[in-house]
Amino acid sequence: MLFRSAEHVGFVFQQFHLIPYLSAAENVMLAQYFHSMSDEQEARQMLARVGLGERATHLPGQLSGGEQQRVAIARALINQPSILLADEPTGNLDSKNGEIIMGMIAEFNQSLGMTVVLVTHERALAERYARRMIYMADGNIVKSEPNPAALSSSTAAPSVVQSFPGGGQ
């Protein structure tokens with residue numbers, strides 16, 4: 001399927017890219033603003049889905065790194081994208097928050113039926129969550145293979161693709 005616009009794509013970055021003077025709800029609504037109409041109730045519901053319903057009025061500086069990444073995930077998902085692009089979404093988090101974030105991404109992948117393309121340098125993360133791993137070196141795909149370990153795991157996200165600079169060596 002070919003998409004004609006970016007409205008079908010959600011983005012989660014390693015750096016959270018939240019607007020510091022906007023509340024968590026307003027940061028989520030920002031994605032709605034560029035897509036269609038902003039709806040604070042929808043934004044608050046999405047924040048509740050990522051466990052931040054009580055933190056909707058907080059500014060990014062009042063949130064932990066894991067909470068900021070959950071706001072970024074809520075913002076990426078608010079417009080119900082068909083594809084979620086996640087560039088090192090756990091790179092700035094401790095291992096506990098990294099597991100929480102990956103669990104959320106895997107759950108949303110399955111419950112919303114969207115494709116997730118996840119870029120990471122963490123082989124263990126890829127092996128746990130990716131059903132297919134794609135290795136890249138110098139901008140070229142050098143290997144693509146199913147991940148048997150994740151295919152048999154309940155944590156595997158059906159459409160996650162992993163990418164490793166340097167060919168995963």
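**Close-up views of a predicted model**

**View 1. The surroundings of Arg75.** Not counting residues up to four places away in sequence, Arg75 touches Phe16, His17, Leu18, Asn27, Val28 and Ala31, where contact means heavy atoms within 4.5 Å. Arg75 lies in helix H3, helices (H or I, at least four residues) and strands (E, at least two) being DSSP runs that are numbered from the N terminus. The structure is a predicted model, in which local features need pLDDT of at least 70 and side-chain atom pairs count only at pLDDT 80 or more, while totals for chains, interfaces and linings use all residues. Residues are numbered from 1 along each chain as its sequence is written, and side-chain values use heavy atoms, with hydrogens and water left out. Arg75 is buried yet has no salt bridge, and the nearest side chain of opposite charge, that of Glu26, is 12 Å away. Here buried means under 20% relative accessible area, exposed over 50% and partly exposed in between (1.4 Å probe, protein chains only); a salt bridge is a side-chain nitrogen of Lys or Arg within 4 Å of a carboxyl oxygen of Asp or Glu; and Lys and Arg count as positive, Asp and Glu as negative, with His and the chain ends not counted. A polar atom of the Arg75 side chain lies 2.9 Å from the backbone oxygen of Phe16.

**View 2. The largest nonpolar core.** This core has 35 residues, of which Leu47, Val50, Val71, Ile73 and Leu84 touch the most other members; a nonpolar core is a set of buried Ala, Val, Leu, Ile, Met, Phe, Trp, Tyr and Cys residues joined through side-chain atoms within 4.5 Å. At least two residues of the core come from each of several elements, including helix H1 (24-35), helix H3 (65-77) and strand E2 (83-87), and H4 gives the most, with six residues. Apart from its neighbours within four places in sequence, Leu84 is in contact with residues that include Phe11, Val12, Leu77, Ile105 and Val116.

**View 3. Helix H2 and its ends.** The buried residues of H2 are Ala43, Met46 and Leu47, and they line one face of the helix because, seen down its axis, they fall within an arc of 100 degrees, an arc taken over the directions from the helix axis to the C-beta atoms. At the N-terminal end, Asp39 caps H2 with a side-chain oxygen that lies 3.0 Å from the backbone nitrogen of Gln41, whereas after H2 comes Gly51, with a positive phi near 80 degrees. Arg44 and Glu40 meet through their side chains in a salt bridge (3.1 Å, N to O), and these two residues, four apart in helix H2, are separated by about one helical turn.

View 4. In the salt bridge of Glu99 with Arg128, the closest N and O atoms are 2.4 Å apart. This pair links distant parts of the chain, since Glu99 is in helix H4 and Arg128 is in helix H5, 29 residues apart. Glu99 is partly exposed at 37% relative accessibility, and Arg128 is partly exposed at 35%.

**View 5. Ser144 in strand E5.** Ser144 belongs to strand E5 (residues 140-146) and, at 40% relative accessibility, is partly exposed. The side chains of Ser144 and Arg132 are joined by a polar contact of 3.0 Å, that is, a pair of N or O atoms within 3.5 Å, of which, within protein, one must be able to donate a hydrogen and the other to accept it, residues adjacent in sequence counting only if both atoms are side-chain atoms.
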